[in-house]
Amino acid sequence: MFFLIAKKRFAFIFVVLIAASSLNSIAGSDVASTAVVCAPTSENINAGDLSIFSSASPPAHEIREIAWLVLGISAAIFVVVEGVLVWSIIRFRKRARDAGEPVQVFGSNPVELAWTVIPTIIVFVLALATLRTIREVQLTEAPEGSLNVDVIAHQWWWEYRIPNLDGNGTIVTANELVVPVGRPIWLTLQSADVIHSFWIPQLNGKTDIIPNHANHTWFQAERAGIFLGQCAEYCGKQHANMLLRVTAVDDAAFKAWCVHQSSPVVSDPSVEQGRDMFLNLACMNCHAIDGVSGGSFGPNLTHLMSRTTIGSGVAPLNPTTLRAWVDDPQNLKVGCNMPSLELDPNQLDAIVAYLLTLK
Ligand code: CUA
């Protein structure tokens, strides 16, 4: 390209172009890793907005703003670089009247200064903006009036522990978290096995979940609705099906949810046979049902049927999917840690009938 430059002053422009395009690639990669948008199908139980650009929580707003800033600066650099490049190609193309080589340019103080100073200023601006965002997004202590929720990531599902409203005991549930609108939610993130990452794009950015180390994150849903997310750190075979589901509701509905979740397990004598099988087969070793069994390896099933999905969001929860799951979980979630117990149809019916009463 340089051999086409006829006059010294154009060397300056090219230098700026090269410096700017290298910066563009750096800034561009930041955006690519942040702005992931998925396009779910309409039948998909997890159809929802996973865009960071439709934020609905203070830290998510901060992330959206810096994403736009980085995108804007990158776009400006792109337009300037490509514009001058195209202009130069046309303006300085070889013509019939040109004889021999153009003037050769070696070294220039203004050019060296420009390609050092301009990118430095841009990087400085981006660094300051990023630091400010990190301060807002990663609080070091729980915001005032927050609800404290313990999140325990398992291969490949989520366990939630929420202090009961009356201060007595803890609500334990799985995969579907219900929170009150407008109240800060302070999450303590822990792992039962490998590294996972908690990410609900509309509520906050990713926070890694490291074994033997508690991390924190927070959000505050500004409107009622379902907010979907995804484990964002590869954690094994079913990483892609380790889905997050947060439902934000008003205060009254949240209280009602807490009361229901902390109510004693339903005991229906008509499904006693299924309950006995649950206790006599391997089910009870992994699953807790308050007052019935105490396993902790799999999700707590005390109020199983109050949830809308099964297998951490792989399918809607209904009698058909529940039966398919108990028959062989590998049907719905290949590689998950629950084995098929190879039950005969009568055993299957009895256990599913029992589980369906766990409202
Ligand atoms: Cu858990 Cu990926």
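What share of the contacts in the chain with a separation of 6 or more comes from residues 24 or more positions apart? The share is 69%.

## Overview

This is a predicted model. The chain holds 8 helices and 14 strands. It has 359 residues, and 31% of them are buried.

## Helix α3

Helix α3 covers residues 109–137, which is 29 residues. From its first C-alpha to its last, α3 reaches 42 Å. That is close to the 42 Å expected at 1.5 Å a residue. The buried residues of α3 are Val-111, Ile-122 and Val-137.

## Helices packing on α8

Two packed helices are described by the angle between their axes and the distance between the axes. Helix α8 (residues 345–356) packs with α7 (residues 319–327) at an angle of about 125 degrees. The axes of α7 and α8 are 10 Å apart. That angle makes α7 oblique to α8. The crossing of the two is right-handed. On the α7 side, the contact is made by Pro-319, Leu-322, Arg-323, Val-326 and Asp-327. On the α8 side, Leu-348, Ile-351, Val-352, Leu-355 and Leu-356 take part. By class, this contact of α7 with α8 has 8 nonpolar residues, 2 charged and no polar ones.

Helix α5 (residues 272–280) also packs with α8, at an angle of about 100 degrees. Here the axes lie 7 Å apart. The angle makes α5 roughly perpendicular to α8, because 65 to 115 degrees counts as such. Helix α5 brings Gln-273, Gly-274, Arg-275, Met-277 and Phe-278 to the contact. Helix α8 brings Gln-347, Ala-350, Ile-351, Ala-353 and Tyr-354. The residues of this contact of α5 with α8 divide into 6 nonpolar, 3 polar and 1 charged. Ile-351 of α8 is listed in the contact with α7 and in the contact with α5.

## Backbone exceptions in loops

Most residues other than glycine have a negative phi, and most peptide bonds are trans. The peptide bond from Gln-155 to Trp-156 is cis, with omega near 0 degrees. Trp-156 sits in the loop between β1 (147–154) and β2 (157–163).

Asn-175 has a positive phi, near 70 degrees. This residue is in the loop between β3 (170–174) and β4 (176–180). Asn-175 counts as buried because it has 21 C-beta neighbours inside 10 Å. Asn-212 also has a positive phi, near 65 degrees. Its place is the loop between β7 (204–209) and β8 (215–219). Asn-212 has 6 C-beta neighbours inside 10 Å, so it counts as exposed.

How values were computed: Residues are numbered from 1 along each chain as its sequence is written. This is a predicted model: local features need pLDDT of at least 70, side-chain atom pairs count only at pLDDT 80 or more; totals for chains, interfaces and linings use all residues. Axes are lines fitted to C-alpha atoms, for helices over the stretch in contact, and angles run from 0 to 180 degrees between N-to-C directions. Helices (H or I, at least four residues) and strands (E, at least two) are DSSP runs, numbered from the N terminus. Angles under 35 degrees count as roughly parallel, over 145 as roughly antiparallel, 65 to 115 as roughly perpendicular and the rest as oblique. A crossing is left-handed if the near helix is turned anticlockwise from the far one by less than a right angle, and right-handed if clockwise. Two residues are in contact if their C-beta atoms, placed from the backbone, lie within 7 Å. Ala, Val, Leu, Ile, Met, Phe, Trp, Tyr, Cys and Pro count as nonpolar, Asp, Glu, Lys and Arg as charged, and the others, Gly among them, as polar. The expected span of a helix is 1.5 Å times one less than its number of residues. A residue is buried if 20 or more other C-beta atoms lie within 10 Å of its own, exposed if 12 or fewer, and partly exposed in between; C-beta atoms are placed from the backbone.
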